[in-house]
Each structure stands twice: as structure tokens, then as C-alpha cells.
Amino acid sequence: QVQLVESGGGLVQAGGSLRLSCAASGRTFSSYAMGWFRQAPGKEREFVAAITWTGLSTYYAEFVKGRFTISRDNAKNTVYLQMNSLQPEDTAVYYCNTVRAIDRSPFGSWGQGTQVTVSS
């Protein structure tokens, strides 16, 4: 099973940028499609972005298209989420997880997440 540790969150002003990292343990990391999800206070966890195990295909929720970019480095067992033009509504705890390639649904254990707070 892949263990995941998210980092890179913080407090940023609207319009700013952050780069999140998700470090994975386990030699099978490169075999999995990976995704980023987020959960705002009082809301359900929602899909943000996903990337195939090759890194050749990416998928985004409509509300982040053109602003966020997911990438991965299999040699470093790490997946990234570059977030630009952040808005207050992007405030949430961000999580990564392994996802099913067919529908990008998450499986596996959740990490502790990383808090992103965007001030107006």
C-alpha cells in the first residue's frame, strides 16, 4: 500500500500561487494514477485533478481548469499541484490519493492533507 504525505500549503493572498507536493512511499507508486482532492469546511471532499501513471494524461475539475496544473516525478515518488490565480473559494485542506484510472475515484488511505488558505 502506498503511504502519502502532503505538503506545501499555507496562507496566500488572492491571485497568488502555491505548489503542493505529495510524497509517496512504496516502490509501486509509479504504477498508480494519482489525484488531488480538497475539502472545505462544512463541505464534502471533492475531486480537483488527476494524472495517469505515465504522466501523459491529466484531468481537471472545471473550477480549476487553466489555473492548476498536476504533474508527477516517478523517480522521486512525488506528485505536484501547481496552483495559480488562487481565490478565496480555493481555501480547503488538500489531499492526494491513488485513483482508479477508469473514473478517477480515490482508493487507499488518506494522508493528513495540507491546509491552503486564500485571503481576499
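The model is predicted, so local features need pLDDT of at least 70 and side-chain atom pairs count only at pLDDT 80 or more, while totals for chains, interfaces and linings use all residues. Residues are numbered from 1 along each chain as its sequence is written, and side-chain values use heavy atoms, with hydrogens and water left out.

We begin with the core. In soluble globular proteins, nonpolar side chains tend to be buried together. A nonpolar core here is a set of buried Ala, Val, Leu, Ile, Met, Phe, Trp, Tyr and Cys residues joined through side-chain atoms within 4.5 Å, where buried means under 20% relative accessible area, exposed over 50%, and partly exposed in between, with a 1.4 Å probe and protein chains only. The largest such core has 27 residues, and among those with the most contacts inside it are Trp 36, Val 48 and Phe 68. The elements that give two or more residues to this core include strands E3 (18–25), E5 (46–51) and E9 (92–99), and the largest share, four residues, comes from E3. Strands (E, at least two residues) and helices (H or I, at least four) are DSSP runs, numbered from the N terminus. If neighbours within four places in sequence are set aside, Val 48 is in contact (heavy atoms within 4.5 Å) with residues including Trp 36, Tyr 60, Leu 81 and Tyr 94.

The structure also holds one disulfide, a pair of cysteine sulfur atoms within 2.5 Å. This disulfide joins Cys 22 to Cys 96, with 1.9 Å from S to S, and it links distant parts of the chain, since Cys 22 lies in strand E3 and Cys 96 in strand E9, 74 residues apart. Both Cys 22 and Cys 96 are buried.

Thr 52 is found in the loop between E5 and strand E6 (58–60), and because its relative accessibility is 17%, Thr 52 counts as buried. Beyond its neighbours within four places in sequence, Thr 52 is in contact with Ala 33, Ser 57, Tyr 59 and Arg 72.

Finally, we turn to strand E11. Two strands pair if DSSP finds at least two bridges between them; E2 (residues 10–13) and E11 run parallel, joined by four bridges, whereas E9 and E11 pair in the antiparallel sense over three bridges.
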